[in-house]
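Visitor: Please show me the model. Then take me through it, one question at a time.
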Amino acid sequence: MIGILASVIDGILIGAVYGLAAMGLTLIWGVMNVINLAHGAIVVVGMFVLYMLVSALGLPAYGAVPVMIVLGFVIGIGLYWIGVHRMIGRPELMSLLSTFALNMVLIGLGTAWWTTSPYNVQVNMPSVSWRGYTFTGTHITAAALAVVIAGLLYLLLYHTRIGKAVRAVATNREAAELCGIPTTQVLAMAFGLGVALAGVSGTLIATMFPFTVLSGEAYQLKSFVVTVLGGLGNPAGALMGGIALGLIEGLATPFMPVSWIPIVEFGLFVFCLIAFPRGIFSFTKA
Amino acid sequence: MSEILLQVEGLEAGYGDVQVLWGISLKVARGTMTTLLGANGAGKTTSLRAITGAMCPRGGKVVFAGEDVTWLPAHAKAARGLVLVPEGRQLFNNMSVEENLEMGAYSRRARQHFRQQLDHVYTMFPRLKERRNQKSGTFSGGEQQMLAIARGLMAMPEILIIDELSLGLAPVVVQQLAETLKGLKASGVTVLLVEQNLHLALALSDYAYVIAEGRPFLEGPSAEVAAKPEIRQAYLGL
């Protein structure tokens, strides 16, 4: 019984990081109606930024977190102007194709650079023991940082002028433009924010698990599940959805082979799409 | 005549293959209220959208306070004080009243006067002050229109352009809004009004332009336009 509880707690810790990744996806989706298919590749960028900074430059592992937030923001603004800007307001297929192309380019570059062999970054954090069960220090730290970053995002969106402008543009872009808000810049910034969130979640995942250039796809799919659980364009819901997904993984792990976990997850995904098409935690949109 | 604040010459605009405006021209003098009239589909809303940059004009010229602003994006025009209160209110429904007003004052110029203008707007619409933390999506039509006008005023407009002031509102609410507009004009705000209620528009305004099928049809001081029989023709297409 305690074993299951320990597994569930560990699942929740990892789930908070899934939530952070999904926040990046859902923010972009909610603000500009673009499904960012380069999301997984950006998660991988975050992983390799950790690898480069720690293994090549010898930085402390969590020092990579603020670096990745800034770098992700800059990369995101770059990607916005390269592949997204001209797709805004066009049929969704256009932005799907262009972000998918960005995804392929990023993965291709990564494969050329690092090949597809697995990488591992050793991060030493003291573990916490409780009744004979050990909770890995990196999992606890990653979850704590994910919650802190989510809190900062909330403060940004609800208590700063620029964050309110992001929400205004998400609600009604034309009205925002008529208010004097430079909406194109706001969209670029929101894309940068979304990419920074995806990237930093990759950095945190890489402190916990080994990874390859191709790891992104799994996290992209998880982000879709989380987004469906949490409701579209709803960052708070994304965190809840991530934690819910982690909880389900933790709950299922003791009872079945690991290869069955995706079947449970995507079974849930289909179930939610049918039963709760607006998301389970969707309380913001009326 | 006093200084011309807004001058539109030969404005052309359209959607896709359909051209809607075929050379609209008008002038608005500072401190006056001007109205733009016409039947449904005559191109009133399109004119306002092309003037304010909500859509891109195809030709013609928009001169505002002596500057050619024809090709500026809407946010840059709003920042200069060329402000549109759009048809259908277009509020940020999941944001509070105060957040809506804060967004109205987004430009650097308007931001500097935020506090003072907020007090001014709350004095004008005490109802909004009472409900400042409520989400605007829960409001009645009249309250939403008040908020839309208030949000426009937060931008420190040199000219406030209002599209369909009374659309979908109860007569008593329309009366209140008409009083508000009179007050605004008395305080020196320049207004360009599009209004489906012909009598209201002509009673409130100093000068009127009538357009038909995207072209200028008739213009003159409002009292004279009201007396002309042709106005019927513009509306009924006879």
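Guide: Start with a definition: the radius of gyration is taken over C-alpha atoms, and the globule rule is 2.2 Å times the number of residues to the power 0.38. This is a predicted model, where local features need pLDDT of at least 70, side-chain atom pairs count only at pLDDT 80 or more, and totals for chains, interfaces and linings use all residues; side-chain values use heavy atoms, without hydrogens and water. Residues are numbered from 1 along each chain as its sequence is written, while chains are lettered from A and ligands numbered from 1 in the order in which they are written.

Visitor: What radius of gyration does chain A have, with its 286 residues?
Guide: The C-alpha atoms of chain A fill a box of roughly 60 × 45 × 35 Å along the principal axes. For 286 residues, a compact globule would come out near 19 Å. Chain A agrees with that, because its radius of gyration is 18 Å.

Visitor: How many helices and strands are there in chain A?
Guide: Helices (H or I, at least four residues) and strands (E, at least two) are DSSP runs, numbered from the N terminus. Along the sequence, chain A reads α-α-α-α-β-β-α-α-α-α-α-α-α. The count is eleven helices and two strands.

Visitor: What percentage of the residues of chain A count as buried?
Guide: Buried means under 20% relative accessible area, exposed over 50%, and partly exposed in between (1.4 Å probe, protein chains only). Chain A has 286 residues, and the buried share is 52%.

Visitor: Which residues is A:Met47 in contact with, leaving aside its neighbours within four places in sequence?
Guide: Contact means heavy atoms within 4.5 Å. With those neighbours set aside, the partners of A:Met47 are A:Gly202, A:Thr203, A:Ile205, A:Ala206, A:Phe211, A:Ser215 and A:Tyr219.

Visitor: What do the buried residues of α6(A) pack against?
Guide: Helix α6 of chain A spans residues 161-171, and its buried residues include A:Gly163, A:Lys164 and A:Arg167. They pack against α1 (2-32), α5 (137-159), α7 (173-178) and α8 of chain A, together with α3 (97-104) of chain B.

Visitor: What is the bridge partner of B:Val8 in β4(B)?
Guide: Strand β1 (residues 4-15) and strand β4 (residues 59-64) of chain B pair in the antiparallel sense over five bridges. B:Glu12 stands opposite B:Gly59 in β4(B). For B:Val8, the partner is B:Val62.

Visitor: Is B:Ala65 buried, partly exposed or exposed?
Guide: B:Ala65 sits in the turn of the hairpin that β4(B) and β5(B) form, with two residues between the strands. Its phi is positive, about 50°, although B:Ala65 is not a glycine. Its relative accessible area is 46%, so B:Ala65 is partly exposed.

Visitor: What relative accessibility does B:Glu213 have?
Guide: B:Glu213 is in the loop between β9 (207-212) and β10 (215-221) of chain B. Its phi is near 50°, a positive value in a residue other than glycine. B:Glu213 counts as exposed because its relative accessibility is 66%.

Visitor: What distance separates the C-alpha atoms of B:Ala186 and B:Thr32?
Guide: B:Ala186 lies in helix α8 (residues 171-186) of chain B. B:Ala186 is exposed, with a relative accessible area of 72%. B:Ala186 and B:Thr32 are 154 residues apart along the chain, yet their C-alpha atoms are separated by 9.3 Å.

Definitions and conventions:
Two strands pair if DSSP finds at least two bridges between them.
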